[in-house]
Amino acid sequence: MSEALTYASYLKLDELLSLQRPRSEGEHDEMLFIVIHQVYELWFKEVLHEADYCRALLEANDAHRAQHTLKRILTILKVLVAQLDILETMTPTEFLTFRERLESASGFQSDQFRALEFLLARKLRASLERFPAGSRARAALERRWGEPTLWDAFLHYLAREGHPVPEGELRRDVTAPIRPSAAIQDILVRIYREDPKNSELCERLVDLDEGMMEWRYRHVKMVERTIGAKQGTGGSAGSRYLRTTLNEPAFPDLWEIRTQL
Ligand code: HEM
């Protein structure tokens with residue numbers, strides 16, 4: 001007979017709690033650094049799980065549950081942003097006690113973060129090619145490369161709701177960045193004025209876009225206060241590179257229309 005399920009066996013706690021392995025010789029702060037990154041990766045996993053579900057709900061015309069799912073994602077995003085406060089209790093000198101043990105490892109190489117970017121229509125070939133052919137990360141990103149983004153699912157949903165989304169937008173190359181579109185903006189303005197159900201959905205997508213930008217901003221500020229203008233362990237120009245990723249909304253049309261409302 002199999003053993004009775006317990007809290008520890010259900011959650012695989014023995015495995016989970018054996019996965020924090022500092023590389024330094026007892027430098028106190030490395031544990032926090034490892035735990036916080038692992039927690040982020042677990043939340044990224046859950047956010048991807050929910051965002052995939054949200055896309056499927058839009059494809060099934062279930063706007064109500066899609067919105068509910070977006071609300072859950074946004075609540076997680078708030079926690080992700082708030083968690084940076086914990087890391088900011090680590091001073092630059094504390095970080096330096098173990099930084100060189102990271103070698104070239106960096107959040108730059110988080111494939112789940114890239115997967116989230118892919119879902120939000122920021123698909124860069126370099127993000128995919130960074131991972132070795134045949135690796136789990138590469139396979140996961142290749143699978144997502146040709147999948148519709150959340151924005152594409154949203155446009156198809158709007159078309160099925162009777163909004164005149166141009167054929168070109170419905171057949172657009174889902175690997176290309178989203179370009180602002182006057183036709184889509186006209187539709188969105190009409191939705192905000194006349195279609196309360198879908199305008200709420202638009203607002204949740206703006207929340208999501210703003211939440212991601214907020215995370216990027218807080219991350220770069222944390223990087224500036226911790227390593228100043230030093231190069232990143234991942235080989236980029238550090239905060240100078242990170243600043244180039246700020247203020248790049250995933251859904252530009254939803255921001256463009258604000259002035260017209
Ligand atoms: C002391 C703490 C941290 C420092 C100093 C730091 C520093 C950096 C730097 C310099 C980069 C640019 C790439 C490079 O050259 O390495 C970067 C990228 C990145 N970091 Fe951090 N980071 C920290 C904590 C975190 C945490 C907790 C996460 C959560 C997962 C994270 C996720 C990322 C991601 C996803 C990128 C890629 C961003 C992009 O390319 O747009 N970082 N980090």
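**View 1. Contact of helix H3 with helix H10.** Ala51, Cys54, Arg55, Leu58 and Glu59 of H3 meet Leu150, Ala153, Phe154, Tyr157 and Arg160 of H10, where contact means heavy atoms within 4.5 Å. These residues divide into 7 nonpolar, no polar and 3 charged (Ala, Val, Leu, Ile, Met, Phe, Trp, Tyr, Cys and Pro count as nonpolar, Asp, Glu, Lys and Arg as charged, and the others, Gly among them, as polar). The model is predicted: local features need pLDDT of at least 70 and side-chain atom pairs count only at pLDDT 80 or more, while totals for chains, interfaces and linings use all residues. Residues are numbered from 1 along each chain as its sequence is written, and side-chain values use heavy atoms, with hydrogens and water left out. Helices are DSSP runs (H or I, at least four residues) numbered from the N terminus. The axes of H3 (residues 30–59) and H10 (residues 150–160) come within 8 Å and cross at roughly 20°; axes are lines fitted to C-alpha atoms over the stretch in contact, and angles run from 0 to 180 degrees between N-to-C directions. H3 is therefore roughly parallel to H10 (angles under 35 degrees). The crossing of H3 past H10 is left-handed, that is, the near helix is turned anticlockwise from the far one by less than a right angle.

**View 2. Iron site and helix H13.** His219 (NE2), at 2.2 Å, is the only protein donor of the iron atom of the ligand; donors are N, O and S atoms within 2.8 Å of the metal (3.2 Å for Na, K and Ca), and water is not among the atoms, so sites may look incomplete. Histidine 219 belongs to helix H13 (residues 196–227). The 32 residues of H13 should span 46 Å at 1.5 Å a residue, which agrees with the 46 Å between its end C-alpha atoms (the expected span is 1.5 Å times one less than the number of residues). Glycine 228, with a positive phi near 60°, follows H13.

**View 3. Packing of helix H4 on H13.** H4 (residues 63–82) packs with H13 at an angle of about 20°, their axes 10 Å apart. H4 is thus roughly parallel to H13, and passes H13 in a left-handed crossing. Among the contact residues are Leu70, Leu74 and Leu77 of H4 and Leu201, Leu208 and Trp215 of H13. By class, the contact of H4 with H13 divides into 12 nonpolar, 2 polar and 7 charged residues.

Methods: Helix = DSSP H or I, 4+ residues; strand = E, 2+ residues; numbered from the N terminus. Parallel < 35°, antiparallel > 145°, perpendicular 65-115°, else oblique.
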